[in-house]
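Welcome! Have a look at the model below, and then let us walk through some of its contacts together.

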Amino acid sequence: MTHGTTSPHPAEPAPAPRRGRPRDAARDRALLDATLAVLAENGYGGLTTAAVAARAGVSTATLYRRWSSKEELVIAAAALHGESSYEQPGTGTLEGDLRVVLREKAAAMTGEPGRLIRALIGEAAHNTALAEALVTAFLQPLYDRVAEVVRRAVERGEIPPLDGVELLGEVVVGPVMTHFLLTPRLPEDVDQATARETADRLLPFALRAVGGTP
């Protein structure tokens, strides 16, 4: 009867599979910035991955290694450049905080950001995924900011407690967005001074809506 021999040295583990190169964050950002630029210029229907790649200075293969479709690309770009980049106002008064929010939103409805919002809203009317991205990236963070402004005002005793605070964002900011979306003037034709003036004119109505006094 023969016995198998045992190697005096344990078998070495198989080498781990080689991983691809890590994603370049700067290149990701360049692609997302290019996406928003092309989207603002040409609208969703006129946006192509080839145009985005060319604007970012990369190949379409590089783009598709990151996002598999135009829709995914636009959703990622919207998430990166949404309302979450704004800081919560802290002027110490309800009127001051609402003025900050309204002025920022009015400014965001002009120029390239305004063209972007129009393009997203237009496509979101018949694209559920983009509609959800629009709410998540732009609308819900904005509504949350307004709700926090109101909660702080209640804590300071400026206004009485309110029911449905989470709905006040639509009441406060809705008129600003509607004004700029329905105006015949293009976003690039509205300067920042006009945007601030519009926000300030709407401020008294926003204050009354949440129980404040202009």
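At 46% relative accessibility, glutamate 41 counts as partly exposed (buried means under 20% relative accessible area, exposed over 50%, and partly exposed in between, with a 1.4 Å probe and protein chains only). Helices (H or I, at least four residues) and strands (E, at least two) are DSSP runs, numbered from the N terminus.

## How to read the numbers

This is a predicted model, in which local features need pLDDT of at least 70 and side-chain atom pairs count only at pLDDT 80 or more, while totals for chains, interfaces and linings use all residues. Residues are numbered from 1 along each chain as its sequence is written, and side-chain values use heavy atoms, with hydrogens and water left out.

Where does arginine 66 lie? Look in the loop between α3 (60–64) and α4 (70–80). At 15% relative accessibility, arginine 66 counts as buried. Its side chain meets that of aspartate 28 in a salt bridge (2.4 Å, N to O). Because arginine 66 lies in the loop between α3 and α4 and aspartate 28 in helix α1, the pair ties together parts that are 38 residues apart in sequence. Aspartate 28 is buried as well as arginine 66.

The side chain of arginine 66 also has a polar atom 3.0 Å from the backbone oxygen of threonine 62.

Side chains of opposite charge can pair when their charged atoms come close. How many salt bridges are there by this rule? The count comes to 12. One of them joins glutamate 104 and arginine 145, with the closest N and O atoms 2.8 Å apart. Glutamate 104 lies in helix α5 and arginine 145 in helix α7, so the pair ties together parts that are 41 residues apart in sequence. Glutamate 104 is partly exposed at 23% relative accessibility, whereas arginine 145 is buried at 4%.

Salt bridges also link Glu95, Arg99, Arg103 and Asp200 in a network.

## Helix α6 and its cover

Helix α6 (residues 111–124) has 14 residues and reaches 20 Å from its first C-alpha to its last, close to the 20 Å expected at 1.5 Å a residue; the expected span is 1.5 Å times one less than the number of residues. Among its buried residues are Gly111, Leu116, Ile117 and Leu120. What covers the buried residues of α6 includes α1 (25–42), α4, α5 (94–108), α7 (128–156) and α8 (168–182), where contact means heavy atoms within 4.5 Å.

## The nonpolar core

A nonpolar core is a set of buried Ala, Val, Leu, Ile, Met, Phe, Trp, Tyr and Cys residues joined through side-chain atoms within 4.5 Å. The largest one here has 56 residues, and those with the most contacts inside it include Leu39, Leu94, Leu120 and Phe138. Helix α7 gives the largest share of this core, 12 residues.

Leucine 94 touches several residues beyond four places away in sequence, including Val149, Ala153, Ile159 and Leu207.

Terms used. Polar contact = N/O pair within 3.5 Å; in protein donor to acceptor, adjacent residues only side chain to side chain. Salt bridge = Lys/Arg side-chain N within 4 Å of Asp/Glu carboxyl O.
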